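Subject: Structure handover

Hello,

Here is the structure I said I would pass on. Please open it next to this email and follow along.

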There are 2 protein chains.
Amino acid sequence: MADLLDEIQLRYACRAFVEDQPVTLVDVALLLEAGRLAPSAFGLEPWRFVVVDDSQRAAVIRACGDQPAATTSAALIAIVALVDALDPDSDYVRDRLLAEARDGEVAPIAQAYRAFYDPTVIKAWAIGQCHFAAAHMLLQAAHMELGSCPIGGFDPVALAAALDLPADETPALVIAFGRCAYPAPPRRRKLD
Amino acid sequence: MADLLDEIQLRYACRAFVEDQPVTLVDVALLLEAGRLAPSAFGLEPWRFVVVDDSQRAAVIRACGDQPAATTSAALIAIVALVDALDPDSDYVRDRLLAEARDGEVAPIAQAYRAFYDPTVIKAWAIGQCHFAAAHMLLQAAHMELGSCPIGGFDPVALAAALDLPADETPALVIAFGRCAYPAPPRRRKLD
């Protein structure tokens, strides 16, 4: 492979996409696969990916404040954080920790997770973990010459309603994808 | 480049490294560069990367509960979230938003950020953003055939003391790097 940093350099936040340039189903599948392979603490994968469908799109865009990245996007994927499922006594956690233990003992992992788990911060923690999956999707998009824009500035109640989320899940990020309408702007990173 | 998904597949959480296999200064520089190029909302880059030095290492490892990934690591990088700096009226935010605006108007971005900013959740938010930088470093490590392990289970007060952080910063993650002592275990991801 060429240098990964060259790939990383390809990514930038695209605020406006070329309309009528659809993202293919294969592209969407590869974006989801990149997200699925993201790291997560305790192997909990505390996320769900929602490919926004036509019936949800208008309400999702509205929940994102009608920002151009959303309105002009060819595809929107919401990354949703699991919350209640992360209770140490849930079936979900039991299954994930068994997977994490592979053929070893699950008890030490379960004990470590129980000590780590704090219900007062678990929602924020799960949202943080969702950024691992988002970073993978953003790089995968750049690799496929697709533009992308992570959107964190949304109305969470409206977005949860638009996505018909159960009460035990919370939206973490929406990512807009498409053919970017402009080339990469110059980078202006801080120096220290 | 080969498929990015092949690169993504190379990454796994390594819990034990081969000792006496140092990570070179060039490797560390490339890890930091990958993190530096991570996305962040409003271009705020709300992070600082601390390469743990010999004088800090023992205390950092202790703050990480003496877990083997830390004790056997060849290098540790702490990703620290900026908190007070994110106040909309700070010099830091002014400089970053000017950079984000590039040669356009900064006022709409500043207004959007002021509407977005919530001091009660900004710390958790900044920690979440730090996961973007972490994901980049983890992939860069895999690309360089280095093992890595993100460590989120630490004592934040002890870690902040070990890193001599100012009161307006908070540790987000520690990442351990080195030559992994074992090959990639089988993946056991959830299916839905």
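Which residues in H5(B) meet which residues in H6(B)? On the H5(B) side they are Val93(B), Leu97(B), Glu100(B) and Ala101(B). On the H6(B) side they are Ile109(B), Ala110(B) and Tyr113(B). By class, that contact has six nonpolar residues, no polar ones and one charged. Keep in mind throughout that this is a predicted model.

Helix H5 of chain B covers residues 91–101, and helix H6 of chain B covers residues 107–116. They pack at an angle of about 130 degrees. Their axes are 9 Å apart. The crossing of H5(B) and H6(B) is right-handed.

Now look at chain A. Helix H5 (residues 91–101) and helix H6 (residues 107–116) of chain A have axes that come within 9 Å. Those axes cross at roughly 130 degrees. That makes H5(A) oblique to H6(A). The handedness of the H5(A) and H6(A) crossing is right-handed. From H5(A), the contact takes Val93(A), Leu97(A), Glu100(A) and Ala101(A). From H6(A), it takes Ile109(A), Ala110(A) and Tyr113(A). Six residues of the contact of H5(A) with H6(A) are nonpolar, none is polar and one is charged.

**Chain A overall**

Chain A holds eight helices and four strands. Reading from the N terminus, the elements of chain A run α-α-β-α-α-β-α-α-α-β-α-β. The C-alpha atoms of chain A fill a box of roughly 50 × 40 × 35 Å along the principal axes. How does the radius of gyration of chain A agree with that of a compact globule? For 192 residues, such a globule would come out near 16 Å. Chain A has 18 Å, which agrees.

**The sheet in chain A**

In which order do the strands of the chain A sheet stand? The order is E1-E2-E4-E3, four strands in an open sheet with antiparallel pairing. Strand E1 (47–51) and strand E3 (147–151) of chain A are the edge strands, and each pairs on one side only. Neighbouring strands of this sheet are turned by 25 degrees against each other on average, direction ignored.

E3(A) is joined to strand E4 (residues 169–178) of chain A by five bridges. The two run antiparallel. To find your place there, go to Pro150(A), which stands opposite Ile175(A) in E4(A).

Helix H2 (residues 25–36) of chain A packs on this sheet. H2 touches E1, strand E2 (75–82) and E4 of chain A. The direction of H2 makes about 170 degrees with that of E1(A).

**H2 against H7 in chain A**

H2(A) also has a helix partner: helix H7 (residues 122–143) of chain A. The axes of H2(A) and H7(A) come within 7 Å and cross at roughly 140 degrees. H2(A) and H7(A) are therefore oblique to each other. H2(A) passes H7(A) in a right-handed crossing.

Which residues meet in this pair? H2(A) brings Leu30(A), Leu31(A), Leu32(A), Ala34(A) and Gly35(A). H7(A) brings Ala133(A), His136(A), Met137(A), Gln140(A) and Ala141(A). By class, the contact of H2(A) with H7(A) has seven nonpolar residues, three polar and no charged.

**The sheet in chain B**

Chain B has an open sheet of four strands, in the order E1-E2-E4-E3, with antiparallel pairing. Strand E1 (47–51) and strand E3 (147–151) of chain B stand at the edges. Each has a single partner strand, so one side of each is left without a neighbour in the sheet. The twist averages 25 degrees from one strand to the next.

How many bridges join strand E2 (residues 75–82) of chain B to strand E4 (residues 169–178) of chain B? Eight bridges join E2 to E4 in chain B, and these strands run antiparallel. One place to look is Ala81(B), which stands opposite Thr170(B) in E4(B).

Best wishes

Definitions and conventions:
Residues numbered from 1 in each chain as written. Chains lettered and ligands numbered in written order. Predicted model: local features only at pLDDT ≥ 70, side-chain atom pairs only at ≥ 80, totals over all residues. Heavy atoms only, no water. Axes fitted to C-alpha atoms, helices over the stretch in contact; angles between N-to-C directions. Parallel < 35°, antiparallel > 145°, perpendicular 65-115°, else oblique. Left-handed = near helix turned anticlockwise from the far one by under 90°. Contact = heavy atoms within 4.5 Å. Nonpolar A, V, L, I, M, F, W, Y, C, P; charged D, E, K, R; others polar. Pairing = 2+ DSSP bridges. Rg over C-alpha atoms; globule rule 2.2 N^0.38 Å.
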